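Hi,

Here is the model I promised to pass on. Have a look, and my notes follow below.

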Amino acid sequence: MKKVIIVGASSGIGRELAILYAKKKCIVGVTGRRRELLNELKDQYPEHIIPSSFDNTKDDVEYHLQQLIAKLGGLDLLILSSGKGELNAPLEWHVEQETIELNVMAWTQLADFTFNYFKGQKHGHFAAITSIASIRGEGRAPAYNASKSFQTNYLEGLRKMAVFLKLKITVTDIQPGFVKTEMAKGKGRFWEAPAVKAARQIFYAIERKKNKVYVTKRWWMVALILKMMPGWIYNRI
C-alpha cells in the first residue's frame, strides 16, 4: 500500500489531493496548522488518513515528519503544498519576511529532509507545488514570485543531484496558474480553476512521474509567453 505525506493539507489543493489518495486506498499522512480541519479528513477516511498538526515555521518539522513516517510505516511520496503569498506594493517588511520564512526557509528544510530520507532508502518521489509566478518578478508581490523562483530552481537542483547520485528519486515541479483557494488574491483572475480540478491534474501528473507540469494544462501557453516576453513589454503589464 502506497504511503504518502501531504504537507499543507488542511485546505485547498493539498486537501483535495489527500482525498484523491485516500480514495485510491493509500495511507496518507496530512499536515497543517489547523488541527480541526485535519481531523475532519480523518473522520471522512479513518482507515487511510493520519493527521499531524504542526507549524512549518515554528515547530520541530523534522521530528514531526519522522513521527508521521513511523505511523505510516514508511514513505513513498511526499507532496509539499504549503506556502503563502501576499500583495505587498508598499513593501512592508513583516509581510515579505513571513513569505520568505515559509516559502524559502521552512520550505528548504522540508525539501532537504525529504530528499535525504529518500536518499537513505535509495528511492522515492518528492513533488512540490510552486507556481507559474516563478517565471518572472512581480511588482505587487515581489517576495512571493521570488520565493517561487527559488523553489523551482531548487527542485531542478535536487533532480540533477538524484541523477548524479544514480538514485531512483523523482522530483516533480508543479506550477499552477490561478486556482480558487483561500490563498488566491486579487479579482478578475482568468482561467481560474477549481481546486478539485487542479488537484485531479496534479494527481495524474505525479502518478506519471512528470518532472514539471503546468496546472491547468493550458497554462503552458502562458508560461511560454512569459518566458519569451521582452522586459520592456512585461514591465508595462
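The fold has an open sheet of seven parallel-paired strands in the order 3-2-1-4-5-6-9 (strands are DSSP runs of E, at least two residues, helices H or I, at least four, numbered from the N terminus; pairing needs at least two DSSP bridges). Strand 3 (49-53) and strand 9 (212-215) are the edges, each with a single partner strand, so one side of each has no neighbour in the sheet. On average, neighbouring strands are turned by 15° against each other, direction ignored (axes are lines fitted to C-alpha atoms, for helices over the stretch in contact, with angles from 0 to 180 degrees between N-to-C directions).

This is a predicted model: local features need pLDDT of at least 70, side-chain atom pairs count only at pLDDT 80 or more, and totals for chains, interfaces and linings use all residues. Numbering starts from 1 along each chain as its sequence is written, and side-chain values use heavy atoms, without hydrogens or water.

Now the helices: helix 5 (residues 142-164) lies across strand 5 (123-129), strand 6 (168-176) and strand 9, at about 160° to strand 6. Helix 6 (residues 195-207) packs on the sheet too, touching strands 4, 5, 6 and 9 (contact means heavy atoms within 4.5 Å).

As for the inside, the largest nonpolar core has 31 residues, with Ile6, Leu17, Tyr21 and Ile79 making the most contacts within it (buried Ala, Val, Leu, Ile, Met, Phe, Trp, Tyr and Cys joined through side-chain atoms within 4.5 Å; buried is under 20% relative accessible area, 1.4 Å probe, protein chains only). Helix 6 gives the largest share, seven residues.

Cheers

Notes
Buried means under 20% relative accessible area, exposed over 50%, partly exposed in between (1.4 Å probe, protein chains only).
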